[in-house]
Amino acid sequence: MSLLAFLFAALVLAITPGPGIAYVVARTVAGGRPEGLASCLGTALGGLVHVLAAALGLSLLIAQSAWAFTLVKYVGAAYLVYLGVRMLVRRSPADALPTVRAQGARRAFREGILVEALNVKTALFFLAFLPQFTTAGSPLALQLVLLGSMCVALNTLVDVLAVFGAARLLASSTARAARARLLNRLAGGTMVLLGIVLATARRSS
């Protein structure tokens, strides 16, 4: 898969409303822009923890068995389809903001790291998503780190934009829900299509 295809898929997934965006917006509402931006930086570092873990774990896996790594790619493609179907059939995206209190930028930063680093769903997603775009003949660990870092950068950029636009996002719950449903369906369709295309390409090669 080309880099452009990866960037498109990663961007669609980054702008889809989810727990990460809800958390940084809630932190902004509770403690203002400084806490919101600090939480963005924290979740970015927490995301990099998952990137490094995926790079190390998958690199060790392929060193032991190329067949096992191929199996991981198939299972990952199936997982992407599963996530996409769930997003498509979900009636209303979870756009409620978590309840948080103002705690200061430093604590928001530390809490952001923990919130993301301990998120098992993020770990599973990186393990399923990143291997689909690796190519043979290049260092696997380096590819995974670069691709994962791009994902984290895109997610963080969207989070920062959400922080700056928090007041506007919260101004109309109806408009927010409509945007969330549209983006949810777009992301769900993207993941289903991506998983099918990747699995089909592997079978034909």
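Which elements does the protein chain run through from the N terminus on?

1. **Overall make-up.** The order is α-α-α-α-α-α-α-α. The secondary structure comes to 8 helices and 0 strands. Keep in mind that this is a predicted model.

2. **Burial and surface.** The protein chain has 205 residues, and 40% of them count as buried.

3. **Contacts along the chain.** Take the contacts with a separation of 6 or more. Residues 24 or more positions apart account for 85% of these.

4. **The core.** The largest nonpolar core has 32 residues. Phe 6, Phe 129, Leu 130 and Cys 151 have the most contacts inside it. Five elements are listed as giving two or more residues to this core: helix H1 (3–15), helix H2 (19–64), helix H3 (66–89), helix H5 (120–129) and helix H6 (140–164).

5. **Cys 151.** Set aside residues up to four places away in sequence. Cys 151 then touches Phe 6, Ala 10, Phe 126, Phe 129 and Leu 130. Three of these partners, Phe 6, Phe 129 and Leu 130, are also among the residues with the most contacts inside the core.

6. **Helix H1.** This helix has 13 residues. From its first C-alpha to its last it reaches 18 Å, close to the 18 Å expected at 1.5 Å a residue. Its buried residues are Phe 6, Ala 9, Ala 10, Val 12, Leu 13 and Ala 14.

7. **A nonpolar patch.** Leu 3, Leu 4 and Leu 7 make a nonpolar surface patch of about 290 Å². Leu 7 lies in helix H1. Is Leu 7 buried or partly exposed? Its relative accessible area is 31%, so Leu 7 counts as partly exposed.

8. **The salt bridges.** How many salt bridges does the structure hold? There are 2. One joins the side chains of Arg 27 and Glu 35, at 3.3 Å from N to O. The other joins the side chains of Arg 27 and Glu 111, at 2.5 Å from N to O. Arg 27 lies in helix H2 and Glu 111 in helix H4 (residues 105–117), so this pair ties together parts that are 84 residues apart in sequence. Arg 27, Glu 35 and Glu 111 are linked in a network.

9. Arg 27 has 0% relative accessibility, so it counts as buried. Glu 35 is buried too. Glu 111 is at 23% relative accessibility. Buried means under 20%, so Glu 111 counts as partly exposed.

10. **Thr 122.** Where is Thr 122 placed? Its place is in helix H5. Thr 122 counts as buried because its relative accessibility is 13%, under the 20% cut-off. Leaving aside neighbours within four places in sequence, Thr 122 is in contact with His 50 and Glu 116.

11. **Leu 142.** This residue is in helix H6. Its relative accessible area is 47%, so Leu 142 is partly exposed. Leu 142 and Leu 56 are 86 residues apart in sequence. In space they are 9.8 Å apart, C-alpha to C-alpha.

Conventions: Residues numbered from 1 in each chain as written. Predicted model: local features only at pLDDT ≥ 70, side-chain atom pairs only at ≥ 80, totals over all residues. Heavy atoms only, no water. Core = buried A, V, L, I, M, F, W, Y, C linked by side-chain atoms within 4.5 Å. Buried < 20%, exposed > 50% of the residue type's maximum accessible area, 1.4 Å probe, protein only. Helix = DSSP H or I, 4+ residues; strand = E, 2+ residues; numbered from the N terminus. Contact = heavy atoms within 4.5 Å. Expected span 1.5 Å × (residues − 1). Patch = residues over 30% accessible without salt bridge, like charges linked within 9 Å, V, L, I, M, F, W, Y side chains within 5 Å. Areas by Shrake-Rupley, 256 points an atom, 1.4 Å probe, with all protein chains shown as cover. Salt bridge = Lys/Arg side-chain N within 4 Å of Asp/Glu carboxyl O.
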